[in-house]
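Please look through the model below slowly, from one end of the chain to the other. The paragraphs that follow take up a few places in turn and then the chain as a whole.

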Amino acid sequence: MPELLWPAALSLLLVVGAIGDILKRRLPNWLSLALLVTGLAFAFANGGIEAIGWHGAHAAIALAVGMALFAGGIIGGGDAKFYAGAAAWFPLSDGLSLLLSVSLAGLAAIIIWFGSRRVFKPGAIDPDSLYAKFPYGVAIAGGGLWLLWSALPA
């Protein structure tokens, strides 16, 4: 049972982020920092100092790319930091797997989001409203959870 403590911690943090992003369209800095710190602690517990380097490199690259996307107005700053925090849980060698998982989760979530907006209240959401924005934290959480739980031994 203790071997499930780390995956449970990551799952909890990701779910908190997804719910917060749905309700408030906000991913707080403390949550991204908690993901980063616990991800690096996980790396150390499972692989020592060397693992911290690979996990930290993944987080740093993810943050740099995310901040470039934020500067270009493509994603929000909270999304960039949340993704980087989640990336700290995975070594750099899993970088493309995390990106693919989050991208596929994002595609599924966008299809559901647009479909539900069209079916339930067409035109009811003001385009300038906070809720007109897609909560990409849901996709980050979904992709992170998929990669985490699919990689665990049965």
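Ala-109 has its place in helix α4, where helices (H or I, at least four residues) and strands (E, at least two) are DSSP runs numbered from the N terminus. Ala-109 counts as buried because its relative accessibility is 16%; buried means under 20% relative accessible area, exposed means over 50%, and partly exposed lies in between, with a 1.4 Å probe and protein chains only. Although Ala-109 and Phe-134 are 25 residues apart in sequence, their C-alpha atoms are 9.0 Å apart in space. Arg-117 is also found in helix α4, but this residue is partly exposed, with a relative accessible area of 25%. The C-alpha atoms of Arg-117 and Ala-132 are separated by 9.5 Å, and the two residues are 15 residues apart along the chain.

The model is a predicted one, in which local features need pLDDT of at least 70 and side-chain atom pairs count only at pLDDT 80 or more, while totals for chains, interfaces and linings use all residues. Residues are numbered from 1 along each chain as its sequence is written, and side-chain values use heavy atoms, with hydrogens and water left out.

Now consider the whole chain, which has 5 helices and 0 strands, so that, by the definition of these DSSP runs, the pattern read along the sequence is α-α-α-α-α. Of the 154 residues in the chain, 35% are buried. The accessible surface of the chain comes to about 8900 Å², and 74% of this area belongs to carbon and sulfur atoms; accessible areas come from the Shrake-Rupley method with a 1.4 Å probe, and for residues only the protein chains shown count as cover. Among contacts (heavy atoms within 4.5 Å) with a separation of 6 or more, residues 24 or more positions apart account for 71%.

Helix α1 covers residues 5–24, which makes 20 residues, and reaches 28 Å from its first C-alpha to its last, close to the 28 Å expected at 1.5 Å a residue; the expected span is 1.5 Å times one less than the number of residues in the helix. The buried residues of α1 include Leu-10, Leu-13, Leu-14, Gly-17 and Asp-21. An α-helix has 3.6 residues a turn, so residues three or four places apart point the same way. What covers the buried residues of α1 includes α2, α3 (77–87) and α5 (137–151).

What happens to the backbone just after α1? There, Arg-25 takes a positive phi of about 55°, although Arg-25 is not a glycine. Most residues other than glycine have a negative phi. Arg-25 has its place in the loop between α1 and α2, and with a relative accessible area of 17% this residue is buried.

The largest nonpolar core has 21 residues, and those with the most contacts inside it include Leu-10, Leu-14, Leu-35 and Phe-82; such a core is a set of buried Ala, Val, Leu, Ile, Met, Phe, Trp, Tyr and Cys residues joined through side-chain atoms within 4.5 Å. Helices α1, α2, α3, α4 (95–120) and α5 each supply at least two residues of this core, and α3 gives the most, with 5 residues. Leu-14 touches Leu-35, Phe-82, Ala-86, Ala-141, Gly-144 and Leu-145, not counting residues up to four places away in sequence.

Helix α3 is mostly covered, with 10 of its 11 residues buried, among them Gly-77, Phe-82, Tyr-83 and Ala-86. Gly-77 has a relative accessible area of 13% and is therefore buried. With residues up to four places away in sequence not counted, Gly-77 touches Met-67 and Phe-70.

Which residues form a nonpolar patch on the surface? Trp-54, Ile-61, Val-65, Leu-69, Ile-74 and Leu-92 do, with about 550 Å² of accessible area together. Patches are made of residues with over 30% relative accessible area and no salt bridge, where like charges are joined within 9 Å and nonpolar side chains (Val, Leu, Ile, Met, Phe, Trp, Tyr) within 5 Å; a salt bridge is a side-chain nitrogen of Lys or Arg within 4 Å of a carboxyl oxygen of Asp or Glu.
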